[in-house]
Amino acid sequence: MIEYDEIEQRMVLKLVYYGPAMSGKTTNLLRLHDILAIEGRGDLMTLDTKDDRTIFFDLLPFFFTAPGGLKIKVKVYTVPGQVRHDATRKAVLTRADGIAFIADSQISESANNVESFENLEKNLAFVGIDIEKIPLIIQFNKRDLKDIISEDEIHRAWESTGIPVFMASALYGQGVLETFRRLVALTYDYIDIRHSLKEKHMLTKEMFVDNLARLSADLAEQ
Amino acid sequence: MEQMDRIDFSLGADMGLKDILSAPDVLPLLKAMVEAGADLAAVTDDKGKFLWSEGNIPDNRELPSTVMEAITKRDHKNLETLSRVNWRLSAIYHEAEPIGFFFVSAPEALNEQFLSNLMDTAFTGLNIIIRNIVKRVFTTELHTTVVKRSYEELLEINKNLTASEKKYKELAETLEQRVIERTEELKRAYTRLLQQEKMASIGKLAAGVAHEINNPMGFIYSNLNTFWKYIKNIDEMLRFYSQESGHRSRESEELRKKLKIDFIINDIHGLIKQSVDGAERIKNIVVNLKDFSHIDEATDSEMSINEEMDNTIGVLSHEIKNRSAEIAKQYGQVAGFYGNPGLICQAFLNILLNALHSRDDNIIVTIKTEQHGDNAVISIADNGKGIPSEIQSRIFEPFFTTKDVGKGIGMGLTVTYDIISRYGGNIEVKSEPEKGATFVITLPLNGKRETGNGFYE
Ligand SMILES: Nc1nc2c(ncn2[C@@H]2O[C@H](COP(=O)(O)OP(=O)(O)OP(=O)(O)O)[C@@H](O)[C@H]2O)c(=O)[nH]1
Ligand SMILES: Nc1ncnc2c1ncn2[C@@H]1O[C@H](COP(=O)(O)OP(=O)(O)O)[C@@H](O)[C@H]1O
Ligand SMILES: [Mg+2]
Ligand SMILES: [Mg+2]
């Protein structure tokens, strides 16, 4: 669904943080905003949040120009996790180029994770995206809490799907960057096949990832 | 759902500065800057061309040439450092992308600190305006998208609901009619069933009776013949006596007269003839019954309905001529029928016979054949006196007849009915008094093996 304008030399990509309510999607973007270099990164825009619950969506935009002159804008969205905002989720999911599914590690949230993942499958089909093809990764968040599903169990459950799984504690900034970098890398592969980023635009995967997921200078020094 | 996929729900379409801002959003700010002492305040696009400006606007309506050069070289990073003593430049970002510039210049005399402050304040104000507009646009866009999608979904649901409502409405409206139709159908089926049952049991009974009658009839018939021969012998003997003169006594003459021997001899002939005729008739009835019960011994073959009808008419030619009846044939194309030609002829014959007897003169029998789908439909109509509706249900019963004794035994239609049902067909009668009767036979052309139930199986 990549939006690509050959004449204008412009490409707009859309990455979506999906998952059940309260799993930490917004927190992921907040942390990314905190740790990533200001250059090429826009402000985090949160649209109409009520008591910390996303009602519309959050948006963290990135912009850079490839050595070949291609202007690339990457918009990272979160969806509202609450069941009742399904129409908004569909709208945000439309034309997505990559998805990070943020699951809540707490055992009590297992059913919600499953329900939300099924919702993702359903909505992807609805907006005409093939779940087998789109870059997709899973993050099990809130690893800092007690009564969480074990890592072994998670790997056992997801290994066969081939979907990359990450452990995170977004509140404390752990695993957030790793998740994002992998999502960005997978998205690069996905687009490179279709638009020859490297050949035509002299944009390598490393450059792509670094442009989007570059730590801010003071953090990088540590 | 498919239909809905065509609508583009994409969100957050790319916006340029002109998409975000409009004159009423920016001009008041620019004016205020000029009023505060600025020489020129301008908002440009990403190429440095003025979009909105106030104050001493240069003729070329663009940023100072040094800045324009830097822009062409795409050297955005260092643009802001180009600011001079009497002017300030700030890039405007939207979603991390530079989409334009904010420019302010002042007369040389103006305090440089004041210029910086003016720039900072105004630029912050501009960014707040931009951010709010973008949020509003996004919110509206999302809202519209969601509403549009919900609307599409509602439309779809509504369409389905309307369809099913219509279906149920139609159903409700036709329900009464359907109930009536179904009830009629059930009634007809039930009547047919009863009829079959009745015919089957009556038929069995009749067959038994026929058998019982056959044996005594055999000796009654032959005894009558023998008796006739005996009587002839006695008669001859008596004649001999009366002619023999020697034996002609007055006494015997008187006795002969008293006993009405001459009359008796004459009458015996008539009596015996009548008895033999009667016995003959009874024998015929039994033969008919037997024919009827031996139906299933027949062998089947491919035949043409039209040809068999012609054959049947041929068999009846004598009868037709005698009654100077008119036969109107309206044959259509009918595929070959698999069955026993003898039986089919028999079935036609009985109906034709009845038609020929349906009135005294000017008889017209119209025979129509045609094919309806997989069925042969044969209709035989007469212009006779018709069949009263109260007996229409009984005419197929064995021994049901309205004809005088000796003229009909009421087995004709029974036989026809049995033959037709054996081949999985059916026969119906339509008649109104004085308007003739029409018998319609429907025979399935594809079924090879007869399915109907005969009476004597
Ligand atoms: N302990 C712990 N709490 C977390 C973590 N990540 C997020 N939270 C908390 O979980 C709550 C919900 O986080 P959000 O990021 O707003 O969740 P969300 O997925 O955006 O939720 P919705 O917008 O309703 O879909 C907040 O109170 C966060 O502080 C984590 O790693 N550990
Ligand atoms: N074409 C007809 N027109 C008027 N009545 C008929 C006709 N065909 C049959 N019927 C009635 O049906 C009765 C039964 O007919 P059928 O079974 O052939 O016996 P039968 O001819 O020996 O009476 C007849 O007696 C007559 O009342
Ligand atoms: Mg949120
Ligand atoms: Mg008859």
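Predicted model: local features only at pLDDT ≥ 70, side-chain atom pairs only at ≥ 80, totals over all residues.
Modeller: Two strands pair if DSSP finds at least two bridges between them, and helices (H or I, at least four residues) and strands (E, at least two) are DSSP runs, numbered from the N terminus. Residues are numbered from 1 along each chain as its sequence is written, chains are lettered from A and ligands numbered from 1 in the order in which they are written, and side-chain values use heavy atoms, with hydrogens and water left out.

Biologist: Let's begin in chain B. Which residue of β4(B) is the bridge partner of B:Tyr93?

Modeller: Strand β3 (residues 87-94) of chain B runs antiparallel to β4(B), and eight bridges pair them. In that partner strand, B:Tyr93 is bridged to B:Pro98.

Biologist: And which residue in the turn of that β3(B)-β4(B) hairpin has a positive phi?

Modeller: The hairpin has two residues between its strands. One residue in the turn has a phi of about 50 degrees, and that is B:Glu95.

Biologist: Which residue of β4(B) partners B:Leu40?

Modeller: Here the other strand is β1 (residues 40-45) of chain B, antiparallel to β4(B) and joined to β4(B) by six bridges. The bridge partner of B:Leu40 in β4(B) is B:Ser105.

Biologist: Why is β4(B) largely enclosed by the rest of the structure?

Modeller: Buried means under 20% relative accessible area, exposed over 50%, partly exposed in between (1.4 Å probe, protein chains only). Strand β4 covers residues 97-105 of chain B, and the strand is largely enclosed because the number of its residues that are buried is nine of the nine.

Biologist: How exposed is B:Arg61?

Modeller: B:Arg61 sits in the loop between β2 (50-55) and α4 (65-72) of chain B. Contact means heavy atoms within 4.5 Å; neighbours within four places in sequence aside, B:Arg61 is in contact with B:Gly48, B:Lys49, B:Phe50 and B:Ser53. Its C-alpha atom is separated by 8.6 Å from that of B:Leu51, ten residues apart along the chain. B:Arg61 counts as partly exposed, with a relative accessible area of 40%.

Biologist: On to the five-stranded sheet. What is the strand order?

Modeller: This is an open sheet in chain B with mixed pairing. Its edge strands, each pairing on one side only, are β6 (326-331) and β10 (426-431) of chain B. Reading across, the order is β6-β8-β9-β11-β10.

Biologist: At what angle does α8(B) run to β6(B)?

Modeller: Axes are lines fitted to C-alpha atoms, for helices over the stretch in contact, and angles run from 0 to 180 degrees between N-to-C directions. Helix α8 (residues 305-315) of chain B lies across β6, β8 (364-372), β9 and β11 of chain B. Its angle to β6(B) is about 175 degrees.

Biologist: Now ligand 2. How much of its accessible area does the protein cover?

Modeller: A polar contact is a pair of N or O atoms within 3.5 Å; within protein, one must be able to donate a hydrogen and the other to accept it, and residues adjacent in sequence count only if both atoms are side-chain atoms. A nitrogen atom of ligand 2 is 2.7 Å from a side-chain N or O atom of B:Asp382, while oxygen atoms of ligand 2 lie 2.6 Å from a polar side-chain atom of B:Thr401 and 2.7 Å from one of B:Lys403. Areas come from the Shrake-Rupley method with a 1.4 Å probe; for residues, only the protein chains shown count as cover. Of the 530 Å² that ligand 2 has on its own, the protein covers 94%.

Biologist: Which element gives the most residues to the shell around ligand 1?

Modeller: On the side-chain side, a polar atom of A:Asn141 is 3.0 Å from an oxygen atom of ligand 1. Backbone atoms take part too, at 3.0 Å for A:Ala170 and 3.3 Å for A:Leu171. Two elements give two or more residues to the shell, α1 (25-35) and β5 (53-54) of chain A. With three residues, the top contributor is α1(A).

Biologist: Finally, what share of chain A counts as buried?

Modeller: Chain A has eight helices and ten strands. Of its 222 residues, the buried share is 55%.
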